[in-house]
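I opened my notebook beside the model and went through it piece by piece. Here is what I looked up, in the order I wrote it down.

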Amino acid sequence: MHLIDIGANLTHESFRRDFDAVLQRARSAGVERMVVTGASRESSEQALELARAHPGVLWATAGVHPHHAGDYGADTDALLRALQREPEVVAVGETGLDYFRDLSPRPAQREAFERQLAIAIDLHKPLFLHQRDAHADFLALLKTARDHVPAVVVHCFTDERRALFDYLDLDCHIGITGWICDERRGLHLRELVREVPANRLLLETDAPYLLPRDLRPQPSDRRNEPMYLAHVCEVVAGLRGEEAETTAANATAAARAFFGIGAPGGSIATEPKDATLSSERRGSTQSSEGMSSST
Ligand SMILES: [Zn+2]
């Protein structure tokens with residue numbers, strides 16, 4: 001099984017003490033590649049550093065999470081644009097809206113989101129997006145950008161059926177985390193995950209957050225890490241009525257196409273990314289295609 005963790009917060013301080021061991025354990029579990037989430041100015045720069053230090057294993061995103069949207073100024077915008085020009089940086093984000101925790105004022109969240117949508121449009125990069133309790137405003141802003149960017153993933157999807165189909169209608173990818181393993185709050189997701197076409201389903205840990213609740217034994221420090229993506233994949237496969245190998249192969253192919261990253265053992269894809277993504281997009285407008293094969 002070969003998996004790509006499309007959302008791992010490996011710049012988090014909890015990974016400093018044993019970073020190489022974390023990567024080694026991930027590799028042993030079949031999680032050979034990871035996209036390190038940049039969620040602030042600092043973590044975006046650190047994510048790029050990690051990706052540079054681990055070519056072919058780690059890639060990075062660069063963005064400002066809605067929690068930090070209050071800090072978004074002209075200098076932030078310039079920094080993010082510069083980071084997007086680095087070959088290891090494969091998406092704009094994490095950006096979006098979070099009205100659940102409201103750590104930044106909502107107008108500031110919307111402005112930072114719009115400015116990062118503009119970066120993705122100008123530089124023709126995929127978007128790595130966060131939405132919590134903000135579906136209506138998020139969808140309205142996303143719609144203005146969707147036709148002008150190559151690909152979009154709504155990461156850590158936890159919302160309701162209506163939101164899922166709104167995103168699929170816009171030909172977005174859906175990121176599924178270990179949230180789905182939570183028997184208290186992931187119940188509706190366990191049904192919805194069957195509705196995601198195989199070529200639109202991406203897997204992620206969101207480590208060190210969202211340790212799968214049904215994992216046994218639970219690590220004593222409660223830290224999630226990329227190796228547990230194999231467990232998330234098995235749970236998702238069971239819910240979709242697929243072999244874990246099938247779910248893994250489809251999610252890995254989808255992640256590679258999404259981010260333009262190479263096959264295991266290979267390097268960064270050399271084909272023109274635009275051509276790959278736009279031809280895939282044309283094919284995927286019949287988005288029930290993947291669904292029928294998975295149910
Ligand atoms: Zn998020």
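**Entry 1: the start of the chain**

I began with His2, which counts as partly exposed because 17 C-beta neighbours lie inside 10 Å. My cut-offs: buried takes 20 or more other C-beta atoms within 10 Å of a residue's own, exposed takes 12 or fewer, partly exposed is in between, and C-beta atoms are placed from the backbone. A note on the source before going on: this is a predicted model, where local features need pLDDT of at least 70, side-chain atom pairs count only at pLDDT 80 or more, and totals for chains, interfaces and linings use all residues. Residues are numbered from 1 along each chain as its sequence is written.

His2 sits in the segment before strand E1 (3-8).

**Entry 2: the whole chain**

I counted elements next and found 11 helices and 8 strands in the chain. These are DSSP runs numbered from the N terminus, helices being H or I with at least four residues and strands E with at least two. Of the 295 residues, 48% count as buried. I then looked at contacts, meaning C-beta atoms, placed from the backbone, within 7 Å. Among those between residues at least 6 apart in sequence, 74% join residues at least 24 apart.

**Entry 3: the sheet**

In what order do the 8 strands of the sheet run? I read E1-E2-E3-E4-E5-E6-E7-E8, an open sheet with parallel pairing. Two strands pair here if DSSP finds at least two bridges between them. E1 and strand E8 (201-203) stand at the edges with a single partner strand each, so one side of each has no neighbour in the sheet. On average, neighbouring strands of this sheet are turned by 30° against each other, direction ignored.

I followed the pairing from E1 onward. E1 joins strand E2 (residues 31-36) in the parallel sense over 4 bridges. Ile4 stands opposite Arg33 in E2, and Asp5 stands opposite Met34 in E2. E2 and E3 pair over 3 bridges, also in the parallel sense, with Ala60 in E3 as the bridge partner of Val36. E3 and E4 pair in the parallel sense over 3 bridges as well, and Ala60 has Val89 in E4 as its bridge partner.

Is E3 covered or exposed? I found it mostly covered, with 5 of its 5 residues buried. Leu58, Ala60 and Ala62 point one way, Trp59 and Thr61 the other, and all are buried. E2 is mostly covered too: 6 of its 6 residues are buried.

**Entry 4: helices against the sheet**

Helix H2 (residues 41-53) lies across E2, strand E3 (58-62) and strand E4 (89-98), at about 160° to E3. For such angles, axes are lines fitted to C-alpha atoms, for helices over the stretch in contact, and values run from 0 to 180 degrees between N-to-C directions.

In helix H3, I marked Thr76, Leu80, Leu83 and Gln84 as buried. Seen down the axis of H3, they fall within an arc of 100°, so they line one face of the helix. The arc is taken over the directions from the helix axis to the C-beta atoms. The face turned away carries the exposed residues Ala74, Asp75 and Ala78. On the buried side, H3 packs against H2, E3, E4 and H4.

For helix H4 (residues 106-123) I checked the length: at 1.5 Å a residue its 18 residues should span 26 Å, and the end C-alpha atoms are 26 Å apart, which agrees. The expected span is 1.5 Å times one less than the number of residues. Buried residues of H4 include Gln109, Phe113 and Leu117. What covers the buried residues of H4 includes helix H3 (74-84), E4, strand E5 (127-132) and helix H5 (135-146). Just after H4, His124 takes a positive phi of about 55°.

**Entry 5: the core**

Which residues have the most contacts inside the largest nonpolar core? I listed Val36, Ile174, Leu202 and Leu203, in a core of 81 residues. Such a core is a set of buried Ala, Val, Leu, Ile, Met, Phe, Trp, Tyr and Cys residues joined through C-beta atoms within 7 Å. Setting aside neighbours within four places in sequence, I found Leu203 in contact with residues including Leu3, Ile6, Ile176 and Ala251.

How values were computed
Two residues are in contact if their C-beta atoms, placed from the backbone, lie within 7 Å.
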